Amino acid sequence: MNNSTQAMVDFLRDKYRRNIEMQENIFTAFTDGRIGVELGGSPEARADFARRSLHEAESMLELFETTNVAHLGTTGPMGAIAKQQLRILARPFL
């Protein structure tokens, strides 16, 4: 993996991990009542929403690691596809 590819991987990992941390904080704030009352709905519904958001954030990092990073630098079509996917994933942050 060259330096620019590694930099994109590191950047995206950081973004995904920060998103997980943010979702964990939101989940905690929803479940302990610091936020969410003004949104209406039951505490259980707010906690369920926060739980699903956290699960989604964790899944994004897992998906990135297993379907993209694992194939970077490999030869053949999988390596080429992984490199292109990496660029597509990083593009919104440029």
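Residues are numbered from 1 along each chain as its sequence is written, and side-chain values use heavy atoms, with hydrogens and water left out. Because the model is predicted, local features need pLDDT of at least 70 and side-chain atom pairs count only at pLDDT 80 or more, while totals for chains, interfaces and linings use all residues.

## The helices

Helices here are DSSP runs (H or I, at least four residues), numbered from the N terminus. Helix α1 covers residues 3-31, and its 29 residues should span 42 Å at 1.5 Å a residue, which agrees with the 42 Å between its end C-alpha atoms. The expected span of a helix is 1.5 Å times one less than its number of residues. Helix α2 has 26 residues and reaches 37 Å from its first C-alpha to its last, close to the expected 38 Å. Just after α1, Gly33 takes a positive phi of about 85°.

## Buried residues

A residue is called buried when its relative accessible area is under 20%, exposed when it is over 50%, and partly exposed in between (1.4 Å probe, protein chains only). In α1 the buried residues are Thr5, Val9, Leu12, Tyr16, Ile20, Gln23, Ala29 and Phe30. An α-helix has 3.6 residues a turn, so residues three or four places apart point the same way. The cover over the buried residues of α1 includes α2 (43-68) and α3 (77-90). In α2, the buried residues are Arg46, Ala47, Ala50, Ser53, Leu54, Ala57, Leu61, Phe64 and Asn68, and what covers them includes α1 and α3.

## How the helices pack

The table gives the angle and the axis distance for each pair; axes are lines fitted to C-alpha atoms, for helices over the stretch in contact, and angles run from 0 to 180 degrees between N-to-C directions.

| Pair | Angle | Axis distance |
|---|---|---|
| α1 and α3 | about 50° | 10 Å |
| α1 and α2 | roughly 165° | within 9 Å |
| α2 and α3 | about 150° | 10 Å |

To put these angles into words, those under 35 degrees count as roughly parallel, over 145 as roughly antiparallel, 65 to 115 as roughly perpendicular and the rest as oblique. At about 150°, α2 and α3 are therefore roughly antiparallel. Their contact (heavy atoms within 4.5 Å) is made by Phe64, Thr67 and Asn68 of α2 and by Ala82, Gln85, Leu86 and Leu89 of α3. The residues of this contact of α2 with α3 divide into 4 nonpolar, 3 polar and no charged. In this count Ala, Val, Leu, Ile, Met, Phe, Trp, Tyr, Cys and Pro are nonpolar, Asp, Glu, Lys and Arg are charged, and the others, Gly among them, are polar.

The helices α1 and α2 are likewise described as roughly antiparallel to each other, and their crossing is left-handed. A crossing is left-handed if the near helix is turned anticlockwise from the far one by less than a right angle, and right-handed if clockwise. The residues of the contact of α1 with α2 divide into 14 nonpolar, 4 polar and 7 charged.

For α1 and α3, the arrangement is oblique, and this crossing is left-handed. Here Thr5, Met8, Val9, Leu12 and Tyr16 in α1 meet Lys83, Leu86, Arg87, Leu89 and Ala90 in α3, and the residues of the contact divide into 7 nonpolar, 1 polar and 2 charged.

## Some residues in detail

Leu86 lies in helix α3 and counts as buried, at 0% relative accessibility. Leaving aside its neighbours within four places in sequence, Leu86 is in contact with Thr5, Met8, Val9, Leu12, Phe64, Asn68 and Leu72. The C-alpha atoms of Leu86 and Phe64 are separated by 8.8 Å, although the two residues are 22 residues apart along the chain.

Thr5, in helix α1, is buried with a relative accessible area of 6%, and it touches Leu72, Lys83 and Leu86, not counting residues up to four places away in sequence.

Gln23 also lies in helix α1 and is buried, with a relative accessible area of 12%. Apart from its neighbours within four places in sequence, Gln23 is in contact with Ser53, Leu54 and Ala57. By contrast, Glu58, which lies in helix α2, counts as partly exposed at 35% relative accessibility. The C-alpha atoms of Glu58 and Glu21, 37 residues apart along the chain, are separated by 9.6 Å.

Technical notes. Helices (H or I, at least four residues) and strands (E, at least two) are DSSP runs, numbered from the N terminus.
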